[in-house]
Amino acid sequence: MLKFTNSYLGLGEQFFQRILPEKVASPCLLLWNEKLAAQLNFSCDLQQGSLEEKSLFAQYFSGNSILQGAEPVALAYSGHQFGHFNPQLGDGRAHLLGEVLDSKGIRRDIQLKGSGKTAFSRRGDGKCALAPALREYIMSEALFALGVPTSRCLAVVSTGEMINRGLTKAGAVVTRVAASHIRVGTFQYFAARGDLASLKTLLDYTISRHYLEIDSLEINNEKLSLEQRILAFLEKVIAKQITLVVDWLRVGFIHGVMNTDNTAISGETIDFGPCAMLGTYDEKAVFSSIDEYGRYAFANQAKIAQWNMARLADCLLPLLVEANQGERDKIEQQVLAKVESLVVSFTAKFKHAYYVMYANKLGLAESTDSIKQLVKDLLALMQSKKLDYTLTFAYLTKLVNSPDNLVNKPKPQADNSLTSKLHSELKEWLNDWQPAIEKSALSRHEAQALMQKNNPMVIPRNHHVEAMLARCEQAVIDNQNTSGEQANVRGIVEEFLHVLRSPYQELAATKNFQDTPIDGDRFYQTFCGT
Ligand code: AMP
Ligand code: MG
């Protein structure tokens, strides 16, 4: 069984509400993530397990029974939602069960989501619909396999209850595993209340959990002062956000709701509500039904991450002021200048990481000015010609080690229409790319290996995700109506996940999920209301 510890509870009652999950009518275990369970030192092969075992797990991972050692709480946090500050958010439909040390000794939160109302529910019902629960499972598993920092899901349990989401929907509870659930919004919660003592407690806890290396840093053979410690913390959180967003851009992920309450300090992707994948390259791509102004559009994600870091910096200012002695006005100016320069440094650091990432996607190890131009030109071409993001890079990956297909020999060997289309749209650009590849220190073979690591052959395309969710929903509803065997959600999901777990390889079934949607996702919309 999972061995729980509950270190977060040691921070003080102001950090959470102790509350048990609501019981549900008839829980049924639909998905169980064996690989993740094994990483949590919790090996049990439920595929081979007895019905009793499955129903016991359904009780635990619906919240009907509480696992030994778990102490369920709902966490307090605030958040800027679409730029507007809401001082009181918090887990309105989630229960943190506790923490578990994984096989690498890293502390992971185990949280139920959709597990009932809490003090933070406001007008919500505390529930989660089945499709968004499954979506979180699939999308997080896909991101993990793509090498993007992310929370993951251990289980999805259907509750046997129907919930109201405009239409009546099947309810579910999803178990989320994350490095922690500390958000920018958690810092905002205490900063907004002027509770500096709790803010400091939170800072120390977060450093010890995610940025322990700060405590062994030295400047001039001395441990860091409180001010240096806070600034080092901000710098490291910024670095993690840059890595995260660059990885999102690399694979074409659009988070969709980068509010500060959905920004994990650990640098993991959390909250998959309205997320989507980029098909046709469009830097303005937005799929969320509530993102009217494109605040969280594909290419806006770095700017927003920086904005979110500025909000974290705001929270740290009072601690920095306290850490110094002297005339208050002067100190305020000084610390403001220091955090500002860190937040501003996001831009240059991001740009550097961004161009290195794209250089790698093009088989180049570093990004010189001419390579940056090559990247800009390619993105502009993809935008104007409406090319598919993933397929374009997959095409280039195949091409790089077949110079015969490149310049001066414009006719590609493969004559399928996609390859021909890409070849003719990119012909001139290929003429620029080719010399860069020739000049590069990497051999063509090495260039291809680098591209293969950075360019997925398959992503969880929106139309495939939606089709699969619809099949799963139907299977669960049919099952509830006939109260027969367990719905075969696992079979449906695994067909897709089998391919998504090896996104950089072409398996026999990969081709089933590489096609682009007929409507080019023009009418695709995602929703927050889970
Ligand atoms: P999210 O969009 O999932 O990031 O949620 C934003 C805030 O709304 C968080 O405080 C959630 O706990 C809360 N929330 C979302 N859905 C519900 C619900 N069905 N019931 C209660 N609270 C909810
Ligand atoms: Mg959230």
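The shell around ligand 1 is made up of two nonpolar, seven polar and eight charged residues; Ala, Val, Leu, Ile, Met, Phe, Trp, Tyr, Cys and Pro count as nonpolar, Asp, Glu, Lys and Arg as charged, and the others, Gly among them, as polar. The model is predicted: local features need pLDDT of at least 70 and side-chain atom pairs pLDDT 80 or more, while totals for chains, interfaces and linings use all residues. Residues are numbered from 1 along each chain, chains are lettered from A and ligands numbered from 1 as written, and side-chain values use heavy atoms, without hydrogens and water.

Of the 17 residues around ligand 1, those that come nearest are Gly-90, Gly-92, Arg-93, Arg-122 and Gly-126 (near: a heavy atom within 4 Å). Polar contacts (pairs of N or O atoms within 3.5 Å) are tabulated here.

| Protein atom | Ligand 1 atom | Distance |
|---|---|---|
| Gly-90, polar backbone atom | oxygen | 2.6 Å |
| Asp-125, side-chain N or O | nitrogen | 3.0 Å |
| Gly-126, backbone N or O | nitrogen | 2.9 Å |

The magnesium ion (ligand 2) has Asn-262 (OD1) and Asp-271 (OD) as protein donors, 1.8 to 2.2 Å away. Donors are N, O and S atoms within 2.8 Å of the metal (3.2 Å for Na, K and Ca), and water is not among the atoms, so sites may look incomplete. Both Asn-262 and Asp-271 are buried (under 20% relative accessible area, 1.4 Å probe, protein chains only).

In helix α4 (residues 184–192), seven of nine residues are buried, among them Phe-187 and Tyr-189; helices are DSSP runs (H or I) of at least four residues, strands (E) of at least two. Their cover includes β4 (79–81), β5 (84–86) and α6 (226–251).

Notes
Buried < 20%, exposed > 50% of the residue type's maximum accessible area, 1.4 Å probe, protein only. Polar contact = N/O pair within 3.5 Å; in protein donor to acceptor, adjacent residues only side chain to side chain. Contact = heavy atoms within 4.5 Å.
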